[in-house]
Structures are given as structure tokens and as C-alpha cells.
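Please read this note with the model open beside you, and follow each point on the structure as you go. The points begin with one pair of residues and then widen to the elements around it.

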Amino acid sequence: MDMRFLMKQAQQMQAKLAETQANLRIEGTAGGELVKVTLNGSKELMGLSIAKDAMDPEDPSMLEDLLLAAFRDATTKVDEAMKKQMGGMGAGLNLPGLGL
């Protein structure tokens with residue numbers, strides 16, 4: 001195997017991964033869309049929307065639970081989208097540890 005070729009392919013994969021992470025936007029919701037969380041491919045928070053109905057001054061834990069659920073929904077969707085978009089990149093390389 002040509003190491004320079006493998007290094008070039010690895011660099012291309014790394015660049016594509018970074019681009020995909022930066023450009024991806026995934027929304028997670030909870031409570032029938034009372035709370036919406038938008039993450040990028042690196043799971044960084046890009047947006048947050050909370051409906052008035054989600055805010056109960058007598059029960060702040062409800063809003064906390066909705067936020068956590070929306071974030072978990074979004075992170076699961078990010079994982080699925082990244083796996084789908086990046087899944088074929090490692091094909092043919094057969095390098096251990098790539099997980100692609």
C-alpha cells in the first residue's frame with residue numbers, strides 16, 4: 001500500500017467530516033414541538049425555541065425535562081445523519097478503527 005495515497009485519503013475524509021459537521025442542521029423536538037433544539041453535526045447548539053405553553057412557573061421541572069428530551073432527540077438524529085452521510089467514506093480502505 002502507498003502510504004502517501006492513504007494519508008491523502010485520510011485528509012480528504014477528515015475535511016469532508018469537518019464540512020459535514022459544520023453544515024448539518026438537525027432539529028430535535030419534545031412535548032409535541034413545545035420545545036425545539038437545533039444542533040449542527042458536532043452537536044453544538046445552533047438554535048432553541050420554547051413555546052409559551054411549555055413555561056409553567058409552578059412547574060419549572062417540566063420545561064427542564066422538555067429541553068433534555070429535545071436535546072436527546074436532536075443528538076440521536078445527528079448521530080443517524082452523520083452515520084448515513086459518512087458511512088461510505090471508509091469503504092475500500094479496510095483500516096481498523098475507522099468505524100465507517
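**Notes on the sheet and its helices**

1. Arginine 25 stands opposite asparagine 40 in β2. These two residues belong to a pairing in which β1 and strand β2 (residues 35-40) run in the antiparallel sense over six bridges. Two strands are said to pair here if DSSP finds at least two bridges between them, and the elements themselves are DSSP runs numbered from the N terminus, with helices being H or I runs of at least four residues and strands being E runs of at least two.

2. Before going further, please keep in mind that this is a predicted model, in which local features need pLDDT of at least 70 and side-chain atom pairs count only at pLDDT 80 or more, whereas totals for chains, interfaces and linings use all residues. Residues are numbered from 1 along each chain as its sequence is written, and side-chain values use heavy atoms, with hydrogens and water left out.

3. The second pairing joins β2 to β3 through five bridges, and these strands also run antiparallel; within this pairing, valine 37 stands opposite leucine 48 in β3. Taken together, the three strands make an open sheet with the order β1-β2-β3 and antiparallel pairing. Because β1 (25-30) and β3 (45-50) stand at the edges with a single partner strand each, one side of each is left without a neighbour in the sheet. Neighbouring strands of this sheet are turned by 15 degrees against each other on average, direction ignored, where axes are lines fitted to C-alpha atoms, for helices over the stretch in contact, and angles between N-to-C directions run from 0 to 180 degrees.

4. What does α1 (3-23) pack against with its buried residues? The buried residues of α1 are Leu6, Met13 and Thr20, and seen down the axis of α1 they fall within an arc of 55 degrees, so they line one face of the helix; the arc is that of the directions from the helix axis to the C-beta atoms. These buried residues pack against α2, whereas on the other side of α1 the residues Arg4, Lys8, Gln11, Gln14, Glu19 and Asn23 are exposed.

5. Helix α2 (residues 60-86) packs on the sheet, touching β1, β2 and β3, and its direction makes about 145 degrees with that of β1; contact means heavy atoms within 4.5 Å. Among the buried residues of α2 are Leu63, Leu66, Ala70 and Val78, and what covers the buried residues of this helix includes α1, β1, β2 and β3. The 27 residues of α2 reach 39 Å from the first C-alpha to the last, close to the 39 Å expected at 1.5 Å a residue, the expected span being 1.5 Å times one less than the number of residues.

Note on methods: Buried < 20%, exposed > 50% of the residue type's maximum accessible area, 1.4 Å probe, protein only.
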